[in-house]
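Trainee: Please show me how to read the contacts in a structure of this kind.

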Amino acid sequence: MKRRTSGGHEKLLALAREAMTRAYAPYSRFSVGAAVEAQDGSVFTGANVENASYGLTMCAERVALFTAVAAGKRRLTRIAVVSSNGGATYPCGACRQALHEFSHELEVIVDDGKGGAEITTLSGLLPKAFGPADLA
Ligand code: THU
C-alpha cells in the first residue's frame with residue numbers, strides 16, 4: 001500500500017501499525033508491519049505473509065521494500081517497524097541484506113512497545129555489508 005507523509009517518526013510508525021493489522025500470520029501469531037519512506041516522501045507499507053509451507057513466509061519489511069522498488073522508488077530514507085509482541089522488533093538478517101541493496105544509510109525506526117521508538121541506521125545493524133559496490 002502506498003501512502004504519502006511529510007510527518008516525523010510517529011507518522012511512519014502509525015502507518016506501519018496500520019499495515020500490521022493486515023498481517024497474515026496464522027502459524028506464528030506474530031504480526032509485523034513496516035513502512036518504507038522514499039526520498040520524495042512517498043511511503044509504502046507491508047505486513048508479514050506466512051504460508052503453510054513455512055519457508056515461503058515473507059517478512060513485513062521485504063513486502064514494504066519490494067512494493068516501493070516495484071513502484072519505481074529506489075532512493076529510500078527511512079523504515080519503521082512495528083510488531084505484536086509488545087517490544088522492539090528489528091529487521092531480520094535477510095531483510096537487512098535486502099534493504100542494503102537500496103540504501104546503506106537508511107534510518108531504522110523500531111517501535112519500542114511503550115509508546116516510543118528506538119532509532120538506528122541500517123549500517124549500524126549490518127556493518128561491513130556485501131552489496132552492489134562489491135560487484136562493480
Ligand atoms: N517477521 C517479520 O515480518 N519481520 C521481522 O523482522 C521478523 C520476523 C515475521 C516472519 C514470520 O511471519 C513471523 O514474523 C515470525 O518469524
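Trainee: Which atom of the ligand is 3.4 Å from a polar backbone atom of C92?

Mentor: A polar contact is a pair of N or O atoms within 3.5 Å. Here an oxygen atom of the ligand lies 3.4 Å from the polar backbone atom of C92. A backbone N or O atom of A60 is 2.9 Å from a ligand oxygen atom, and a side-chain N or O atom of E61 is 2.6 Å from an oxygen atom of the ligand. The model is predicted, with local features needing pLDDT of at least 70, side-chain atom pairs counting only at pLDDT 80 or more, and totals for chains, interfaces and linings using all residues. Residues are numbered from 1 along each chain as its sequence is written, and side-chain values use heavy atoms, leaving out hydrogens and water.

Trainee: Which residues are around the ligand?

Mentor: A residue is near a molecule if one of its heavy atoms lies within 4 Å of it. Among them here are S28, F30, N48, E50, Y90 and P91.

Trainee: Which residues make the contact of α2 with α3?

Mentor: Contact means heavy atoms within 4.5 Å. E61, R62 and L65 of α2 meet A94, C95, A98 and L99 of α3.

Note on methods:
Helix = DSSP H or I, 4+ residues; strand = E, 2+ residues; numbered from the N terminus. Polar contact = N/O pair within 3.5 Å; in protein donor to acceptor, adjacent residues only side chain to side chain.
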